[in-house]
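Hello! Here is the structure I promised to pass on to you. Have a look at it first, and then read my notes below.

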Amino acid sequence: MLHPLPAETVFEARARAKRNTVLLFALLGLIYMGLFGLMGSAAHFIIASEVKRRSVPDFSLLVFSCSAAAGLILSVFQIISARGKNLDELLSAIQTVPADPKDAYHKVFLNLVAEAEAATNIRPIRPVIIPSPGSNAFSVEGAGGQTAIGVTEGLLVHLNRAELSAVLAHEAAHLANGDSRLMTIAVALLQSFEVVQNTASKGRIRGRAALISVVVMILSAVGSFVARILAMAISRQRELVADSHGVQMCKDPLALAQALHKISEGYRGSISVPQEFGSAFILNPAMSAFDEEEGILPDLLATHPPVAARLEGLLRWAKAELKTVVENTKIPVAKIIGNQPQAAGQKFFVYQEGDWKGPWTEDQILPMNLIKPSTWICPEGSQEVVQALEHPALGRRLTAGASDKGKHLCPRCMIGLGAKTYEGANIRHCGACGGHLLEKGVMERLVARRDETFRQEAVAKAKAWRSSATHDLQKSCLFPAIQCPLCRGPMAKVFHSDLTAVTVDRCVNSACGAIWCDAGELETIQILVENAAG
Amino acid sequence: MFMIITAVSVGILALVLVYGVLTYNRLVGYRVECDNGWSQIDVQLKRRHDLIPNLVETVKGVMNFEKETLTKVMEARSKAMGAGSMDRRMKAEGEISGLLGRLMAVWENYPDLKSNQNARALQEELVTTENRIAYSRGHYNDVVSNFNTLVQQFPSNFVASIGKFSARQFFTVPEPERANPQVKF
């Protein structure tokens, strides 16, 4: 039982793991009732020994069964209180956000959840996202049978469609088998012992009562330890059921093997979720040292079977070797592309600080953050001086793609922001100053994604930024505070993170939470985060 | 003696009646499940019908892209939409599945389609729709199999024939053409 997946078919494996669950639950129930019975009998014995001369028997079946029944009633209360949690509470404890149907990556996830609905006939399954660059997936069921499947941003980036589909099939299998409910019951039994232990430790500490409370404490401590081991064993069996059932659904054991390998080898990361949710995930998010070790203690206390053992079974079903998986899941080397060649074309002089500077080409001027729409420019070889916005070619570039003209204005240049798709997400950008406006939650997606290749100069700039000590006090002095283009509220200057030390402007209205990045800041953040992560 | 015989036969009759009612209700339950299962497939098939004109529109600009196959898909689509009988409809839908599978197989060979954002979004929609149809079909066939077993098994077949329940047809798709698509560069 402790060494899962010997040579057997998917169907046999699923049936055996199911049988094991039933056995483990029966064992858990017996031990539970037995220990509560023992507690009652011990208390009875201690009281009886005090009034020795009366003919009180040392052991009474009635006392034993009454205390076992009392334990049962306690567990029922525990189960009811644990099952009362509704889905919204559970999801907010895991800190998920809804998926965005307009985002290319999220759209694939939404489609996959719809496929899981079709496969299991569970409707609806709520798709949610954990905004973390780590890789993991989970499924939960709340009160009234409401279900949800969630994945991290990182998972959507690192797995291909087939691998994602296999992971979702695994999670859908958990839902179809009601594993969330099973684990709730197992954990409720475990917690009953803890309740008794706490109550006993608060009892009186003198005379017979003290002796009784010590005995009860010892027994319940033993009980909670044994129950924990059994609950973890049940959790591991349910993972095996979900692996085999999921493979039956998606018919692609190799994809699940690749997904597990990818997550465990390269992109796992750790996600901070409350410990009791650990067994809801496809791989334990806390990543304890026990997970991958062999031996008695790891075997007893891990929530999930070791990845190596799970892979072994999956590979047998796929009739493939580990070599294939390793080959298929090689981490691509980050690409950096060369500097932009000097583009020929019309050059412009720019009027800056009381002097004419340049000439530069369009492609040179725009990234330099030199001109605003009102800046005076003069095309080389002509005497005509116009404002940048009025020059046909430059003006077109400045307002490039500005679809919502006049609605959302660049906080620096006050011209309409253009909409564009960047790494699958919809963002707004200013054609003039090169700043980007990200709606709430989009930054977390972009730092997880790897679509964009960066230019050498941008990478060099980011590295120089990291090694420089004078992190952006200058900016706070130079750039005035701005208004949020979306909700018109004030924006505050905040560090994106300690890691990057890039200052961005974040809308203080927490419902809006938009982020404004001035030119180059988004790239710097991405390069620093992705370098650190890879 | 007579009393005993009467009591026993009344008892047996009562048991038969109870069995009949329970079986009838189970049959009704399964039939509802079958109907639900079918309507789920129907939703996905309609979704695919809606995607096809979109597909033709998106890829028609791409030079030499399987013009013949596209015409055939459109024909099969109109056949499926106008089909009177279940048999005809399944045949037409199977044809669409085969043709779309062929298109998806050659899709990757066209750089124009790979780089076009609309085409990529459309490809994702087509893939997910095919998967949803396959999954819904699996589910429908499962419930049909439960229903048919009860309809045909002894002794529930008596209840089924009294209640006019008849076995359902499975949703099968003819094996798609095995021939490899011919691609010219």
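**Rings that meet**

Y32(A), F36(A) and F193(A) are joined into a cluster by ring pairs. Rings of Phe, Tyr and Trp (its six-membered ring) pair if their centres lie within 6.5 Å; planes under 30 degrees apart are stacked, over 60 edge-to-face, and the rest tilted. This is a predicted model, where local features need pLDDT of at least 70 and side-chain atom pairs pLDDT 80 or more, while totals for chains, interfaces and linings use all residues. Residues are numbered from 1 along each chain as its sequence is written, chains are lettered from A and ligands numbered from 1 in the order written, and side-chain values use heavy atoms, without hydrogens and water.

Over all chains, the count is 10 aromatic pairs. F36(A) and F193(A) are stacked, because their ring centres are 5.3 Å apart and their planes at 25 degrees. F36(A) is buried at 7% relative accessibility, and F193(A) is buried at 1%; buried means under 20% relative accessible area (1.4 Å probe, protein chains only).

In chain B, W38(B) and F171(B) pair edge-to-face, 5.6 Å centre to centre with 85 degrees between the planes. W38(B) is buried at 18%, and F171(B) at 3%.

Back in chain A, Q526(A) is buried too, at 0% relative accessibility. Enjoy exploring!

Note on methods: Buried means under 20% relative accessible area, exposed over 50%, partly exposed in between (1.4 Å probe, protein chains only).
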